[in-house]
Amino acid sequence: MMQNVHLAPETDEDDLYSGYNDYNPIYDIEELENDAAFQQAVRTSHGRRPPSKTSLASSIGRPMTGAIQDGVTRPMTAVRAAGFTKAALRGSAFDPLSQSRGPAPPLEAKKKDSPEEKIKQLEKEVNELVEESCIASSCGDLKLALEKAKDAGRKERVLVRQREQVTTPENINLDLTYSVLFNLASQYSVNEMYAEALNTYQVIVKNKMFSNAGILKMNMGNIYLKQRNYSKAIKFYRMALDQVPSVNKQMRIKIMQNIGVTFIQAGQYSDAINSYEHIMSMAPNLKAGYNLTICYFAVGDREKMKKAFQKLITVPLEIDEDKYISPSDDPHTNLVTEAIKNDHLRQMERERCVEVVKASQYVELANDLEINKAVTYLRQKDYNQAVEILKVLEKKDSRVKSAAATNLSALYYMGKDFAQASSYADIAVNSDRYNPAALTNKGNTVFANGDYEKAAEFYKEALRNDSSCTEALYNIGLTYEKLNRLDEALDCFLKLHSILRNSAEVLYQIANIYELMENPSQAIEWLMQVVSVIPTDPQVLSKLGELYDREGDKSQAFQYYYESYRYFPCNIEVIEWLGAYYIDTQFWEKAIQYFERASLIQPTQVKWQLMVASCFRRSGNYQKALDTYKDTHRKFPENVECLRFLVRLCTDLGLKDAQEYARKLKRLEKMKEIREQRIKSGRDGSGGSRGKREGSASGDSGQNYSASSKGERLSARLRALPGTNEPYESSSNKEIDASYVDPLGPQIERPKTAAKKRIDEDDFADEELGDDLLPE
């Protein structure tokens, strides 16, 4: 290792830097076995004694840095090594890790007797006692739960006193105090120690430091109700009701139900009726509806009892009927739903449900269950299974046959199979002449064939059998509109509006009739009501824009057209109007955006690309206009107008392409002229022999053609409205489902298909096929 080390020659004995390259044999670990001093230190404690200065100096070949040798101090090096300090040169041993100082002192142990530790420990014990009390109460050991609650109360009072001595009163744990007192009051109540429970609740309620403690007055009212102290129970219920904010709707409903129960037990049925009527108007539920019916029965009001029962049967049962219908578009959820929809458990559930009823004394309910089964298939959009079940039921007795045939007629009507729909509608009417749903369906099939007078007769008969059949009333209004009996149609829809206040279809029809009666101000007013019900319907918004445009109010028209475009940016009429509006106001750049979108929607229409190029030209961007015209010419090489603009623009810009485009334009115009001459000569040759005979008729024919064109344009505008030429489909004779909104507007001219499954008119348990089951 030392063969590559070159030692400097010693030229000066007094050289201060001499001795750096001297090799000290003490660092040779290979010769430690032969070192007598090292072996002696290993065998004895001789090595623990610090070496003397003479031995240290003798063992090192060169003087230490900063040491004095022969009266001369050796100079310090530039970089001091770790652990070498001046103190080490003055007799201290080399100790870079400070091991001679000994181990660090141990951490100071916490004082278990400190007040803070005692408070924390006591707080933990109180929480554990409260938890144990709750667990014991849930397990049914009420006495143990009460004892634990009392122990928690005692320790909590001790905790409060200790905390007051150590800290300020603001640092008291109010949540812990509240939970201890509330648990204690609850355990007193379940152990029927009502006086103690009331006293504990009073402590909580009177303490102003507990927020929202007033709701506990409902618990106090429950205790008074158990004690049959009805006046105090009602008092505390009303006090609790005043403490609950209006946003907490469910809690307020529960308190009002308690008030109604208290009035019933006190025999004050009129007051109970007021409470339950309020509940049914805000949040209908089965308990409130049932109690309301009982109260009307108790006071002997049969008419109101019937109405209350009708409200009761309209309340949803809150049963998971659609558990086999996927609630979302999640592929994993859909796969799981499909897997369990027809598994062995589902098949057994479906078969046993109907078979058990068939084998029981309630055989008549089996048919109703079969119809419910068909309705479930309709909700799952399994129309083939629904049709099979209904066809089986159609072969049974008259009442079941009428219900099944009514549903089959509605299904075939939705499938545009009007012959089958009419056939099953006849079966339904013949089975039960007083079935308003069957009569409505029959009227729809006649309406589809264009016999509006006969359709109106069926609708009128349905209304005579059931005056609340809103579908028949709606459809007869459409029929009068088709017959141009606008005043009678308006009367029908206004009457229907008084029944269905927020029906978008009815409001739209009223506005449509006022427009046909040339009363745009009333049409606008009713369309504004439609917007208040469905503010995002693009067709209604565009219709408002059209009416304001006719009235000359361009600003309002622009507002509604723009809103319509925002919700549905694919209506070409709205896009065209907005582009023309920006051209009139000379905002060419904004007009370009709309015409470019129109060209994307209708790429085969050359006019949109020409409008884009024209906007570029009018805005002064001639190069962009030229590029657009060239691109349009490549797509539509036979368009004369595009070539004319190319010739004019190239000539103005002094481009050589103008001559080429001029030749193309001339050739196209010549071809067009030849084509027109051929057409004209063909007409003259075929009609020359009878020119005199039909000369006068030809003039009349031209006039008739013009009138026909105008009529076709009007009908085209009407067809642009949503569903103008199709009947409205519905399946219930109780209400119109306005929850579905078509992207192009509400369905306004499709007679409603009443498809019902009523078994017995006097049976309160009858059900009907809801509107949401019929796809648009």
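Contact is taken here to mean heavy atoms within 4.5 Å, and helices (H or I, at least four residues) and strands (E, at least two) are DSSP runs numbered from the N terminus. The structure is a predicted model, in which local features need pLDDT of at least 70 and side-chain atom pairs count only at pLDDT 80 or more, whereas totals for chains, interfaces and linings use all residues. Residues are numbered from 1 along each chain as its sequence is written, and side-chain values use heavy atoms, with hydrogens and water left out.

Under these definitions, the protein contains 34 helices and 2 strands. Of its 776 residues, 37% are buried, where buried means under 20% relative accessible area, exposed over 50%, and partly exposed in between (1.4 Å probe, protein chains only). Among contacts in the protein with a separation of 6 or more, 52% are accounted for by residues 24 or more positions apart.

Helix H28 (residues 572–584) packs with helix H30 (residues 606–618) at an angle of about 20 degrees, their axes lying 12 Å apart; axes are lines fitted to C-alpha atoms, for helices over the stretch in contact, and angles run from 0 to 180 degrees between N-to-C directions. H28 and H30 are therefore roughly parallel to each other, given that angles under 35 degrees count as roughly parallel, over 145 as roughly antiparallel, 65 to 115 as roughly perpendicular and the rest as oblique. The crossing of H28 past H30 is left-handed, a term that applies if the near helix is turned anticlockwise from the far one by less than a right angle, with right-handed used if clockwise. On the H28 side, Ile 572, Glu 576 and Ile 583 meet Lys 607, Trp 608, Met 611, Cys 615 and Arg 618 of H30. This contact of H28 with H30 comprises 5 nonpolar, no polar and 3 charged residues, where Ala, Val, Leu, Ile, Met, Phe, Trp, Tyr, Cys and Pro count as nonpolar, Asp, Glu, Lys and Arg as charged, and the others, Gly among them, as polar.

The axes of H7 and H8 come within 10 Å and cross at roughly 160 degrees, which makes H7 roughly antiparallel to H8. The crossing of H7 and H8 is left-handed. H7 contributes Tyr 194, Ala 197, Leu 198, Tyr 201, Gln 202 and Val 205 to the contact, and H8 contributes Lys 217, Asn 219, Met 220, Ile 223, Tyr 224 and Lys 226. By class, the residues of the contact of H7 with H8 divide into 8 nonpolar, 2 polar and 2 charged.

Most residues other than glycine have a negative phi. Glu 192, although not a glycine, has a positive phi of about 60 degrees; Glu 192 is placed in the loop between helix H6 (174–190) and helix H7 (194–206) and is exposed, with a relative accessible area of 58%. Arg 228, likewise not a glycine, has a positive phi of about 65 degrees. The place of Arg 228 is in the loop between helix H8 (217–226) and helix H9 (230–243), and Arg 228 counts as exposed at 63% relative accessibility.

Lys 460, in helix H21 (residues 452–465), counts as partly exposed at 28% relative accessibility. Residues up to four places away in sequence not being counted, Lys 460 touches Ile 476 and Tyr 480. The C-alpha atoms of Lys 460 and Leu 473, 13 residues apart along the chain, are separated by 8.0 Å.
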